Amino acid sequence: MVIAHDLDKDGELDVAVANYLSNSVSVFLGKGDATFKPKVDYPAGSGAYFLTAGDLNQDKVLDLIVTNVKDNSVSVLLNGACTL
């Protein structure tokens, strides 16, 4: 699954991808010229599949929520894993 949001609050669209086979989430931060910085991978549970974003801890920064179908778990990446 792929989602697009402004994860790092810079006004540019960013992309996050759930990677089922590698049990991770890849985040691509937008550079503002229709290109992206190199991806950064973050670990998730087994079989990362569904992905959404929301402000879970009410700090006004989007967090990533991943459902992991192989181990029936949920992974949370606070601040969209974007404090890079």
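Tutor: Let's begin with Asp41, which forms a salt bridge with Lys39; their closest N and O atoms are 3.2 Å apart. Keep in mind that this is a predicted model.

Student: How many salt bridges does a search of the whole structure find?
Tutor: Just one turns up when the whole structure is searched.

Student: OK, switching to Asp6. Where does that lie?
Tutor: Asp6 sits in the loop that links strand 1 (2-5) and strand 2 (14-19). With a relative accessibility of 26%, Asp6 counts as partly exposed.

Student: Which backbone nitrogens lie by a polar atom of the Asp6 side chain?
Tutor: There's the one of Lys9, 3.1 Å from a polar atom of the Asp6 side chain. The backbone nitrogen of Asp10 is there as well, with 3.2 Å to a polar atom of that side chain.

Student: What is Asp6 in contact with, leaving aside neighbours within four places in sequence?
Tutor: On that basis, Asp6 contacts Gly11, Glu12, Leu13, Asp14 and Leu62.

Student: And how are Asp6 and Leu29 placed, what separates their C-alpha atoms?
Tutor: Those C-alpha atoms are 8.4 Å apart, while along the chain the two residues are 23 residues apart.

Student: New topic: Ser24. Which strand is that in?
Tutor: Ser24 belongs to strand 3, which covers residues 24-28.

Student: Why does Ser24 get called buried?
Tutor: Because its relative accessible area is 8%, and buried means under 20%.

Student: So what does the side chain of Ser24 make a polar contact with?
Tutor: With the side chain of Ser22, at 2.8 Å. Beyond four places in sequence, Ser24 is also in contact with Val17, Ala18, Asn19, Tyr42, Pro43, Ala44 and Ala48.

Student: Last one, strands 6 and 7. Do they run parallel or antiparallel?
Tutor: Antiparallel, with five bridges joining strand 6 (residues 63-68) to strand 7 (residues 73-77). Among the residues involved, Val66 has Ser75 in strand 7 as its bridge partner.

Student: What's in the turn between strand 6 and strand 7?
Tutor: The two strands form a hairpin with four residues between them, and Asn72 in that turn has a positive phi of about 50 degrees.

How values were computed:
Residues numbered from 1 in each chain as written. Predicted model: local features only at pLDDT ≥ 70, side-chain atom pairs only at ≥ 80, totals over all residues. Heavy atoms only, no water. Salt bridge = Lys/Arg side-chain N within 4 Å of Asp/Glu carboxyl O. Pairing = 2+ DSSP bridges. Buried < 20%, exposed > 50% of the residue type's maximum accessible area, 1.4 Å probe, protein only. Contact = heavy atoms within 4.5 Å. Polar contact = N/O pair within 3.5 Å; in protein donor to acceptor, adjacent residues only side chain to side chain.
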